[in-house]
Amino acid sequence: MHHYKELISLLLPVLAASACGKQPIETEKIPIRIASTLTRATDSAYEEGDAVGLYVTLREGTAAPALKNSGNHADNVSFTLGGGSWAAETPLYWQDDKTHADFYCYYPFQRSVADVRAVPVSVKTDQRGSGYKDSEWLWGTTADVAPTSAPVSILTRHVLSNLLVVLKPGKGYSEASLAADVTRITLHSLKVRGTLDLSTGQVTPAGEAADIIPAEEAGFFRAMVIPQALDDATLLSVEVGGYTYSMKQTITFVANKQHTCTVTVNKTSEGLNIGISDWETDGNDYGGAIN
């Protein structure tokens, strides 16, 4: 009996140590990564140094939670493109290996977002040079994603509209002589500010209207435009050959849609006559004359 007591005394510390060692094994955290295949409006891809903002919400079963100003799984985390991949400003992980999530991504990243349903957006009034690119706003979402070590693919789209103005030489003009005579194109009656709802990607125009100088490209002019509707308002003026001609128009600028206005310029004995063709993308007839 004495020997048994000695044996039990020797085993007790070992058993105690063994019991203490049976702690729950923590599951290794899975980093959240996003794909480098996000598309951009100005070109076909994001550029090195571009930064997007990311919100992540967690699902309870199949229910999609509302995006909140704060208290989401991830609140406005910046991801910057470098070396062909996106790097998070701070490490970001999945909740666990089971909980699905929804992703909301926008560009350009804003350091401070007070209201996720009313992020202030604006376009430049002078879109020449870098003004066009600096006017760009993009948004995308990917819903109900299962935890994965692979990058989450998020396709961003234009939340603004795009207006192309194409000048075509008519009677008495060649492309070269027309280009030499055109001194300025100005867009009018357009609101240049609005708010972006990060839960839906919808932009609501706000503020007063202003003039916009579009960017000049090879053979056309273009401008980013806040989605909005014009009702018989002066949209465009062209300064050509010492004359200024303006055009009133009724048109609805739609997010992620490009509208094209082709202006044919003819020389006449009275000076210039400018006719407007149809807008090419929305199927409506916006034809008219500039006086």
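The model is predicted, so local features are described only at pLDDT of at least 70 and side-chain atom pairs only at pLDDT 80 or more, while totals for chains, interfaces and linings use all residues. Numbering runs from 1 along each chain as its sequence is written, and side-chain values rest on heavy atoms, with hydrogens and water left out.

To start with the big picture, the protein has 2 helices and 17 strands (DSSP runs numbered from the N terminus, with H or I over at least four residues for helices and E over at least two for strands). Of its 291 residues, 42% count as buried, where buried means under 20% relative accessible area, exposed over 50%, and partly exposed in between (1.4 Å probe, protein chains only). Among contacts (heavy atoms within 4.5 Å) with a separation of 6 or more, 66% are between residues 24 or more positions apart.

Next comes the largest pocket, with about 390 Å³ of space. A pocket here is an open set of points on a 1 Å grid over the protein atoms alone, where a 1.4 Å probe fits, with protein on both sides within 12 Å along at least five of seven lines; lining residues have an atom within 4 Å of a point. The volume is the space filled by probe spheres set on the points, which are joined across faces, edges and corners. The lining counts 18 residues, and Leu-167, Ala-179, Val-182, Glu-216 and Phe-221 are the closest to the pocket centre. Strand 8 (161-169), helix 2 (175-181), strand 9 (182-196), strand 11 (215-217) and strand 12 (220-225) each give two or more residues to this lining, and strand 9 has the largest share, with 4 residues. By class, the lining has 10 nonpolar, 2 polar and 6 charged residues (Ala, Val, Leu, Ile, Met, Phe, Trp, Tyr, Cys and Pro count as nonpolar, Asp, Glu, Lys and Arg as charged, and the others, Gly among them, as polar).

Arg-59 is buried at 14% relative accessible area, and its side chain makes a polar contact of 2.8 Å with that of Asp-102. A polar contact is a pair of N or O atoms within 3.5 Å; within protein, one must be able to donate a hydrogen and the other to accept it, and residues adjacent in sequence count only if both atoms are side-chain atoms. Beyond four places in sequence, Arg-59 also touches residues including Thr-99, His-100 and Asp-144. Asn-72 is buried too, at 11%, and its side chain pairs with that of Asp-75 at 2.7 Å.

Trp-86 sits in strand 3 and is buried at 9%. A polar atom of its side chain lies 3.2 Å from the backbone oxygen of Ala-35. Pro-91, in the loop between strand 3 (85-88) and strand 4 (101-107), is exposed at 65%. Ala-114, in the loop between strand 4 and strand 5 (119-122), is likewise exposed, at 71%.
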